[in-house]
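Open your viewer and get ready to click along. Each stop on this tour tells you what to select and what you will find there.

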Amino acid sequence: MRMKDKVALITGAASGMGAATARLFGREGAKMVFVADVLDKEGAEVVDSIVKAGGRAHYLHLDVTNETEWTSVIAAIEREVGGLDVLVNNAGISGSAETDLYDTAAWNRLMGINSTGVFLGMKHGIAAMKKQGRGGSVINLSSISGIVGQGYIHVGYNASKGAVRLITKAGAAQHGRDNIRVNSVHPGLMPPMRTSGRTADPATRAKTLKGVPMGRAGEVDEVAYAILFLASDESSYVTGAELVVDGGWTAV
Ligand SMILES: NC(=O)c1ccc[n+]([C@@H]2O[C@H](COP(=O)([O-])OP(=O)(O)OC[C@H]3O[C@@H](n4cnc5c(N)ncnc54)[C@H](O)[C@@H]3O)[C@@H](O)[C@H]2O)c1
């Protein structure tokens with residue numbers, strides 16, 4: 001039970017890697033998994049599946065760009081279970097639907113959800129962890145797109161994920177003495193996001209795979225297990241790290 005006694009909040013947990021992580025935390029005995037998203041129906045279904053499997057979970061509506069909602073969500077968690085141990089800033093949108101890679105509205109959307117959403121999560125989540133006073137772990141979902149550039153997605157996706165990589169290191173530098181660890185996870189080619197455009201196209205994916213040493217896409221549980229390691233006490237001396245889960249994409 002690698003999540004025993006831990007309260008976790010996962011953003012964007014109604015689907016994909018967030019949902020897989022929520023289910024895994026549930027199976028690993030988390031004291032409570034707070035599933036947060038803007039997709040209320042799908043989020044409630046994830047909670048149901050965790051509870052049916054014997055875990056403890058609760059759904060909270062949270063648009064990560066909305067600071068008022070962050071305040072309410074953290075207050076609700078403190079009321080219900082007393083504090084927060086693990087925050088997974090996972091909510092995100094893709095940059096592969098736009099044809100104009102310099103579209104200004106898309107830039108603002110990408111930076112708003114992918115970067116500001118993580119900033120607000122760290123601001124409010126870390127404050128709650130400090131108040132509780134027993135440390136904590138923050139895991140921020142970046143991407144290989146936060147490490148290397150790509151010619152075929154909106155520049156804002158790379159920029160927003162690069163910001164996540166460095167706000168993670170700033171957080172690690174600032175909160176080490178509070179025993180609050182902050183790490184980033186960098187998935188490579190995974191099942192397409194809900195908002196994926198060109199990168200969901202099978203021909204594009206097949207072309208991308210030619211450059212991936214392991215020659216296959218990743219599965220959501222393979223990322224969830226990396227997040228679990230960073231959330232658990234097994235990673236007690238790991239902070240400021242960037243954990244690639246990319247089949248070797250960025251190794252070559
Ligand atoms: N799928 C990939 O290929 C891939 C690769 C590398 C990194 N990532 C990153 O991993 C994370 C999870 O991606 P995924 O593949 O599970 O995608 P997904 O589209 O399946 O899930 C993303 C979730 O975020 C939620 N979300 C979007 N905007 C939100 C907002 N404003 N507030 C709250 N929730 C919001 C969505 O409703 C959705 O449930 C993202 O940050 C993504 O950028 C994905």
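Predicted model: local features only at pLDDT ≥ 70, side-chain atom pairs only at ≥ 80, totals over all residues.

Begin on the outside: select Ile 147, Val 148 and Val 244, which together make a nonpolar patch on the surface.

Now keep just Ile 147 selected. You will find Ile 147 in the loop that runs between strand E5 (136–141) and helix H5 (155–175). Its relative accessible area is 32%, so Ile 147 counts as partly exposed.

**Stop two: the ligand**

Select the ligand next. Which residues are closest to the ligand? Of the 25 residues that surround the ligand, the closest are Ser 15, Met 17, Asp 37, Asn 90 and Tyr 157.

- Asn 90: here a backbone N or O atom lies 2.8 Å from a ligand oxygen.
- Tyr 157: this time a polar side-chain atom lies 2.7 Å from an oxygen atom of the ligand.

How much of the ligand does the protein bury? Taken alone, the ligand exposes 840 Å², and the protein buries 92% of that.

Is Tyr 157 buried or exposed? Its relative accessibility is 10%, so Tyr 157 counts as buried.

Tyr 157 and Met 17 are 140 residues apart along the chain, and their C-alpha atoms are separated by 18 Å.

Now show what is around Tyr 157. Leaving aside its neighbours within four places in sequence, Tyr 157 is in contact with several residues, among them Ile 93, Ser 94, Asn 114 and Ser 143.

Follow that list to Ser 94. Ser 94 belongs to the loop between strand E4 (86–89) and helix H4 (104–132). With a relative accessible area of 9%, Ser 94 is buried. Its side chain makes a polar contact with the side chain of Ser 96, at 2.9 Å. Setting aside residues up to four places away in sequence, Ser 94 touches Leu 110, Tyr 157, Met 193, Thr 195, Ser 196 and Thr 199.

**Stop four: salt bridges**

Side chains of opposite charge can pair when their charged atoms come close. How many salt bridges does a search of the whole structure find? The search finds 12. Let us visit a few of them.

Select Glu 234 and Arg 2, whose closest N and O atoms are 2.7 Å apart in a salt bridge. This pair links distant parts of the chain, 232 residues apart: Glu 234 is in the loop between helix H7 (220–231) and strand E7 (242–245), while Arg 2 is in the segment before strand E1 (7–11). Glu 234 is partly exposed at 46% relative accessibility, and Arg 2 is partly exposed at 28%.

Move on to Lys 6 and Asp 233, whose side chains meet in a salt bridge of 2.9 Å, N to O. Here too the pair links distant parts of the chain, with Lys 6 in the segment before E1 and Asp 233 in the loop between H7 and E7, 227 residues apart. Colour the two by accessibility: Lys 6 counts as buried at 13%, whereas Asp 233 counts as exposed at 55%.

Then pick Glu 242 and Arg 165, where the side chains meet in a salt bridge of 2.8 Å, N to O. Glu 242 lies in strand E7 and Arg 165 in helix H5, so the pair ties together parts that are 77 residues apart in sequence. Glu 242 is partly exposed at 28% relative accessible area, and Arg 165 is partly exposed at 24%.

**Last stop: Ser 235**

Finish by selecting Ser 235, in the loop between H7 and E7. Its relative accessibility is 0%, so Ser 235 counts as buried. A polar atom of the Ser 235 side chain lies 2.7 Å from the backbone oxygen of Phe 229. The side chain of Ser 235 also reaches the backbone oxygen of Ser 232, at 3.0 Å. Not counting residues up to four places away in sequence, Ser 235 touches Arg 181, Phe 229 and Leu 230.

Conventions. Residues numbered from 1 in each chain as written. Heavy atoms only, no water. Patch = residues over 30% accessible without salt bridge, like charges linked within 9 Å, V, L, I, M, F, W, Y side chains within 5 Å. Areas by Shrake-Rupley, 256 points an atom, 1.4 Å probe, with all protein chains shown as cover. Salt bridge = Lys/Arg side-chain N within 4 Å of Asp/Glu carboxyl O. Helix = DSSP H or I, 4+ residues; strand = E, 2+ residues; numbered from the N terminus. Buried < 20%, exposed > 50% of the residue type's maximum accessible area, 1.4 Å probe, protein only. Near = heavy atom within 4 Å. Polar contact = N/O pair within 3.5 Å; in protein donor to acceptor, adjacent residues only side chain to side chain. Contact = heavy atoms within 4.5 Å.
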